Amino acid sequence: MRAWNDRPLNRRALLGGFAAGLCALAAPARANTPAEDYVTRIAADVMNLANNGKKGPALRQKFADLMNRYINLKGIADYALGPYAKKLPAGRRDEFYDLVSNYAAALFVYYVEDFRGTTLEIMSTSKQGKFTVIQSAITGSGGREQVRWRLTPSGSGYRVSDVNIKGVWLTISMKDRFSKVLKSSKGDFEPLFAELREAETW
């Protein structure tokens, strides 16, 4: 498994922005708004997977399915490509989205034990333009960590468009990494695809 010491965020830090927010939803203190109810529904599904004791590709696929249900991964993936988004070959767009989904799920599974038995306190909910932002606090074996959720309207409900932990947004951390790889390869997507495929070996 390759070391990530040369990257803007190592694997654990990147997962923190993504999986910690998801997996730490065991017992929210309140859920009075539709947005808070939505976060609570994520909790039930995520904690069920986190605590079922299963491992390997089957669990990774279940997490990928779950995240595709709740999170706008295509939007995150497109944002992460930045100016390179227009250069992604049209015929490989679906492949790219699948790889990002699998990559995110693999991160989640790799550290899932770190987030078992945690609880969430919803501290506030506010509107910021088109976004609904939920400020929460996670309490677990590692202490107390604040997490911000950015939700966007989707049909009659919501989708998670970003998560912030330790002051870092998931979309920004992914964009930093993808841009670094693509800049190094002079816009060749193969190295990025290869890096995303490494998730299958974790």
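Predicted model: local features only at pLDDT ≥ 70, side-chain atom pairs only at ≥ 80, totals over all residues.

Trainee: How do you know that the length of H6 is close to what is expected?

Mentor: Helix H6 (residues 170-184) has 15 residues, for which 21 Å is expected at 1.5 Å a residue. From its first C-alpha to its last, H6 reaches 21 Å, close to that value.

Trainee: Why does Lys 186 count as exposed?

Mentor: The cut-off for exposed is over 50% relative accessible area. Lys 186 has 77% relative accessibility, and therefore counts as exposed.

Trainee: Let us turn to helix H4 (residues 73-81). Which of its residues are buried, and what makes them line one face?

Mentor: The buried residues of H4 are Leu 73, Ile 76, Ala 77, Ala 80 and Leu 81. Seen down the axis of H4, they fall within an arc of 135°, so they line one face of the helix. Just after H4 comes Gly 82, with a positive phi of about 55°.

Trainee: Which residues touch the most other members of the largest nonpolar core?

Mentor: Leu 81, Phe 96, Phe 178 and Leu 192 do so, in a core of 53 residues. The helix that gives the most to this core is H5 (residues 93-110), with eleven residues. As for Leu 81, leaving aside neighbours within four places in sequence, its contacts are Leu 88, Phe 96, Phe 178, Leu 182, Phe 189 and Leu 192.

Trainee: Why is H5 described as largely enclosed by the rest of the structure?

Mentor: Of the 18 residues of H5, 13 are buried, so the helix is largely enclosed by the rest of the structure. Its span agrees with expectation as well: at 1.5 Å a residue it should be 26 Å, and the end C-alpha atoms are 26 Å apart.

Trainee: How many aromatic pairs does the structure hold?

Mentor: There are six aromatic pairs. One of them joins Tyr 38 and Tyr 158, with ring centres 6.3 Å apart and planes at 50°.

Trainee: Why is this pair called tilted?

Mentor: Ring centres must lie within 6.5 Å to pair, and planes under 30 degrees apart would be stacked, those over 60 edge-to-face. With centres at 6.3 Å and planes at 50°, the rings of Tyr 38 and Tyr 158 form a pair, and the pair is tilted.

Trainee: What makes this a link between distant parts of the chain?

Mentor: Tyr 38 belongs to helix H2 (residues 34-50) and Tyr 158 to strand S4 (residues 157-165), 120 residues apart.

Trainee: Are these two tyrosines buried, exposed or partly exposed?

Mentor: Buried requires under 20%. Tyr 38, at a relative accessible area of 4%, is therefore buried, whereas Tyr 158, at 22%, is partly exposed.

Trainee: Which residues do ring pairs link into a cluster?

Mentor: The cluster consists of Phe 96, Tyr 97, Phe 178, Phe 189 and Phe 193.

Trainee: Where does the charged end of Lys 175 sit?

Mentor: It sits over the ring of Tyr 79, 4.9 Å from the ring centre. Arg 150 likewise lies over the face of Phe 131, at 4.9 Å from that ring's centre.

Trainee: What makes Pro 153 exposed?

Mentor: The threshold is over 50%, and Pro 153, with a relative accessible area of 55%, is therefore exposed. This residue is found in strand S3 (residues 143-154). Leaving aside neighbours within four places in sequence, Pro 153 is in contact with Lys 130 and Tyr 158.

Definitions and conventions:
Residues numbered from 1 in each chain as written. Heavy atoms only, no water. Core = buried A, V, L, I, M, F, W, Y, C linked by side-chain atoms within 4.5 Å. Buried < 20%, exposed > 50% of the residue type's maximum accessible area, 1.4 Å probe, protein only. Helix = DSSP H or I, 4+ residues; strand = E, 2+ residues; numbered from the N terminus. Contact = heavy atoms within 4.5 Å. Expected span 1.5 Å × (residues − 1). Lys NZ or Arg CZ within 6 Å of the ring centre and 35° of its normal. Arc of directions from axis to C-beta.
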